[in-house]
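Please read these notes with the structure open beside them. They are written for someone new to looking at protein models.

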Amino acid sequence: MAKKKGEKRIRAILACEECKQRNYYSSRNKVNTPAKLELRKYCRFCRCTKLHKETK
């Protein structure tokens, strides 16, 4: 899917802080949320809830 002109939402890939596996995909508005996302999500590799941070 191509981006439209002036698109402000970007695709964010969330990776587990402990095992570094990329588990989730999300989107965020880069104007309203300039900082990288940090969410507590379930990691199926660690088998528990861990902090997931946005990566490239």
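1. The model is predicted. Keep that in mind when reading the distances and percentages below.

2. Start with the sheet. It is open and made of 4 strands, in the order E2-E1-E4-E3, with antiparallel pairing. E2 and E3 are the edge strands; each has a single partner strand, so one side of each has no neighbour in the sheet. From one strand to the next, the twist averages 40°. As background, strands of a sheet pair through backbone hydrogen bonds, and the pairing can be parallel or antiparallel.

3. Next, the partners of E4. Strand E4 covers residues 48-55. With E1 it pairs in the antiparallel sense over 4 bridges, and here Ala 15 has Lys 53 in E4 as its bridge partner. With E3, the antiparallel pairing of E4 runs over 6 bridges.

4. E3 and E4 form a hairpin with 4 residues between the strands. In this hairpin, Arg 47 has a positive phi near 60°.

5. How many salt bridges are there? The count is 3. Each is taken in turn below.

6. Lys 50 and Glu 18 form a salt bridge through their side chains, at 3.1 Å from N to O. The two residues are 32 apart and belong to distant parts of the chain: Lys 50 is in strand E4, while Glu 18 is in the loop between strand E1 (9-16) and strand E2 (22-29). Lys 50 has a relative accessible area of 21%, so it counts as partly exposed. Glu 18 is at 56% relative accessibility and therefore counts as exposed.

7. The salt bridge of Arg 28 with Glu 54 has its closest N and O atoms 2.9 Å apart. Arg 28 is in strand E2 and Glu 54 in strand E4, so this pair ties together parts 26 residues apart in sequence. Are these two residues buried or exposed? Arg 28 is buried, with a relative accessible area of 9%. Glu 54 is also buried, at 10%. The cut-off that matters here is that buried means under 20% relative accessible area.

8. In the salt bridge between Lys 53 and Glu 38, the closest N and O atoms are 3.5 Å apart. Lys 53 is in strand E4 and Glu 38 in strand E3 (residues 38-43), so the pair joins parts that are 15 residues apart in sequence. Lys 53 is partly exposed, at 29% relative accessibility. Glu 38 is partly exposed too, with a relative accessible area of 47%.

9. Last, Leu 51, which lies in strand E4. Its relative accessibility is 30%, so it counts as partly exposed. Which residues does Leu 51 contact, leaving aside neighbours within four places in sequence? They are Ala 15, Cys 16, Glu 17, Glu 38, Leu 39 and Arg 40.

Methods. Residues are numbered from 1 along each chain as its sequence is written. This is a predicted model: local features need pLDDT of at least 70, side-chain atom pairs count only at pLDDT 80 or more; totals for chains, interfaces and linings use all residues. Side-chain values use heavy atoms; hydrogens and water are left out. Buried means under 20% relative accessible area, exposed over 50%, partly exposed in between (1.4 Å probe, protein chains only). Contact means heavy atoms within 4.5 Å. A salt bridge is a side-chain nitrogen of Lys or Arg within 4 Å of a carboxyl oxygen of Asp or Glu. Two strands pair if DSSP finds at least two bridges between them. Axes are lines fitted to C-alpha atoms, for helices over the stretch in contact, and angles run from 0 to 180 degrees between N-to-C directions.
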